[in-house]
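The sequence and structure are shown first.

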Amino acid sequence: MFQATIDPVGGSLAASAAVACLPLLSFFICLVGLKLKAHISAIISLGISIAVAIFGFNMPADLTFLSATQGAAYGVFPVCFIIIAAVWFYEVTVLSGRSEDLRKLFDSIGGGDVRIQAVLIAFCFGALLESLAGFGAPIAITATMVLALGIPPLRAAMAVLIANTAPVAFGAVAIPITTAGNMAPGAEGAAATAVHVAQLVGYISPLFALVVPCLVLVILDGKKGLKDCWVPGLVIGLSFGIVQWAVSNHFAYELTDVVAALVSFGVTVVFLRFWKLRGVDECRERFGLAPRDEAAEHELTPVRTWMCLMPYAVIVALFALAKTVLAAPLALTDIKIPWPGLTTVGADGAAQSLVLNYLGVNPGTTFTFNWLSNCGSILVIGGIIVAVLYAIFDGKGQFKLGFGTAILELFKTVVKMKFTILTIACVLALAYVMNFSGQTISIGQFLAGTGPLFALLSPILGWIGTAVTGSDTSANALFSSLQAEAAKANASLAHCDPELFLASNTMGGVMGKMISPQSLAIAAVATGETESTLFKKLLPWSLCMLGVLCVIIYLYSSILGFVLPTA
């Protein structure tokens, strides 16, 4: 049996934390500095994390390699499976021949301004998908949709990754916040803690939601895009942020992004009927697009409109059912597998972990094979339903999509994503090795011991956790307990609500999502860009937003604490 320690390198926490950072630093250096392929960078960094675990953190070699296999398995299923399903789902809609009708529909909504259309897709529709699915599916779907508008690939990828920040904290029916409540329950229990964390996040996330649409406009068309479209962008962000605050604080926090996305989209559509857009023709010319064809937009019959929207209506309905009334029945199909070699059977017949964290608790050596309840399975079911409906009904009476063609496209998608699968499997293997060996917690404990500066540095933990694992949920699972305990033990923060730092960890993860290897790989596959290019372009944005968040948390922990709700 192995139990992790936080200061195995010379008995020094600082030295241990520095050594623990080597796998992360190596990944970023290989990806950006040496410009290696993402899967090569991931393999090298995984090797370094294994070496650090064995020689720096004294983890037995067999347990180290087995930890890597569990992480790789999780990377393949469900993470890669979800991504493959999302990309395939969109390809089914393209094969149906309805993508051109969808573009015409958005032209009619956005007045021909592809910048506004891209914001509505990446921000509003992406938030709706994030609220129901999460785990990369929104990035894959919205990236391909924005690309279909005629937006250049690099700008399309950056736009959806930045737009995805606003809804992440409440993504997948607010699983990150529920996880924070479970990992660091307060005196009133996990459910009450989660509700309070959601309220606190509701005082932070809307501040970013307010400006993210305008940032997306800058990404899409520079200063000209912001000058022409800042008013509609502000309407989108303001309506989203107000509803996000209201629902998270006064309604069911699990539905925060669902309601915010729908209201924001509706408000914007109404607003655009009264607001005259500027620079539309010049923008289309800069993007190399044909002038707006209003006559073609009028060709859209109600049937054709429904047929191009039907796939997304199906997927929203399926996720709504799967995450609400069917959530419990679907969860019953999950298969819990104690990972071979990392667990043993005790005298009472129960599985016991051979790996413990520094508190003596199982860090998660049970693998959950959620073959039916995961987002990928729901996307596949949705894709099959859409393929069947398109094969049976076609608005123009023309058969365009055979069921066999749709299934064949699934295999083509897997082949196309082979290196992405390898990258994500290696990155998740790295994350599990770092977590199980104690590397991640050493970094966290070092930051937690910084006294009054902890309030300023707290979001960095969430940022690191999500940048490594690609999941805000995983970042909260790693650091929520640490954040709460560190805040309670820090005398300089005795006046603070310790659950503010659970919200801080959650929001820090939001800022790390755009540069996580998982997100970069998804966007790269969808747009044809490279992970290294995207990382280099997005890192300054991620760091700037993280810096702003650190200041906000520091202010809330000091002079602005009176603004926040109490537990």
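## A charged network

Asp113 is buried, at a relative accessible area of 0%. Buried here means under 20% relative accessible area, exposed means over 50%, and partly exposed lies in between, with a 1.4 Å probe and protein chains only. Arg115 is likewise buried, with 0%. The two side chains meet in a salt bridge of 2.9 Å, N to O; such a bridge is a side-chain nitrogen of Lys or Arg within 4 Å of a carboxyl oxygen of Asp or Glu. Side chains of opposite charge can pair when their charged atoms come close.

Arg115 also forms a salt bridge with Asp221, where the closest N and O atoms are 3.0 Å apart. Asp221 is in helix H11 and Arg115 in helix H6 (residues 114–132), so this pair ties together parts 106 residues apart in sequence. Helices (H or I, at least four residues) and strands (E, at least two) are DSSP runs numbered from the N terminus. Asp221 counts as buried at 9% relative accessibility. Asp221 has a further salt bridge, with Arg286, the closest N and O atoms being 2.5 Å apart. Arg286 belongs to helix H13 (residues 280–286) and Asp221 to helix H11, so the pair links parts that are 65 residues apart in sequence. Arg286 is partly exposed, with a relative accessible area of 41%. Through shared partners, salt bridges join Asp113, Arg115, Asp221, Lys224, Asp228 and Arg286 into one network. The count of salt bridges comes to 5.

## Basis of the values

This is a predicted model, in which local features need pLDDT of at least 70 and side-chain atom pairs count only at pLDDT 80 or more, while totals for chains, interfaces and linings use all residues. Residues are numbered from 1 along each chain as its sequence is written, and side-chain values use heavy atoms, with hydrogens and water left out.

Helix H11 covers residues 205–250 and includes Trp230. Trp230 is partly exposed, with a relative accessible area of 43%. Trp230 is one of the residues of a nonpolar surface patch of about 560 Å², together with Leu210, Val211, Leu226, Leu234, Leu238 and Ile242. Patches are made of residues with over 30% relative accessible area and no salt bridge; like charges are joined within 9 Å, and nonpolar side chains (Val, Leu, Ile, Met, Phe, Trp, Tyr) within 5 Å.

## Met158 and its contacts

Met158 is found in helix H8 (residues 153–163) and is buried, with a relative accessible area of 8%. Which residues does Met158 contact, leaving aside its neighbours within four places in sequence? They are Ile219, Leu534, Lys537, Leu538 and Trp541, where contact means heavy atoms within 4.5 Å. Met158 and Ala523 are 365 residues apart in sequence, and their C-alpha atoms are 8.3 Å apart in space.

## Cysteines and a positive phi

The structure holds 0 disulfides, a disulfide being a pair of cysteine sulfur atoms within 2.5 Å. For Cys550, the closest cysteine sulfur is in Cys544, 12 Å away, which is too far for a bond. Cys550 counts as buried at 8% relative accessibility, and Cys426 counts as buried at 9%.

Asn58 is not a glycine, yet has a positive phi of about 60°. Most residues other than glycine have a negative phi. Asn58 lies in the loop between helix H3 (38–56) and helix H4 (61–95), and counts as exposed at 51% relative accessibility.

## Overall fold

The chain has 25 helices and 6 strands. The C-alpha trace spans about 75 × 55 × 50 Å along its principal axes. For 567 residues, a compact globule would have a radius of gyration near 24 Å, and the 23 Å of the chain agrees; the radius is taken over C-alpha atoms, and the globule rule is 2.2 Å times the number of residues to the power 0.38.

Buried residues make up 57% of the 567 residues. Among contacts between residues at least 6 apart in sequence, 80% join residues at least 24 apart. The accessible surface comes to about 21100 Å², with 70% of it belonging to carbon and sulfur atoms. Accessible areas come from the Shrake-Rupley method with a 1.4 Å probe; for residues, only the protein chains shown count as cover.
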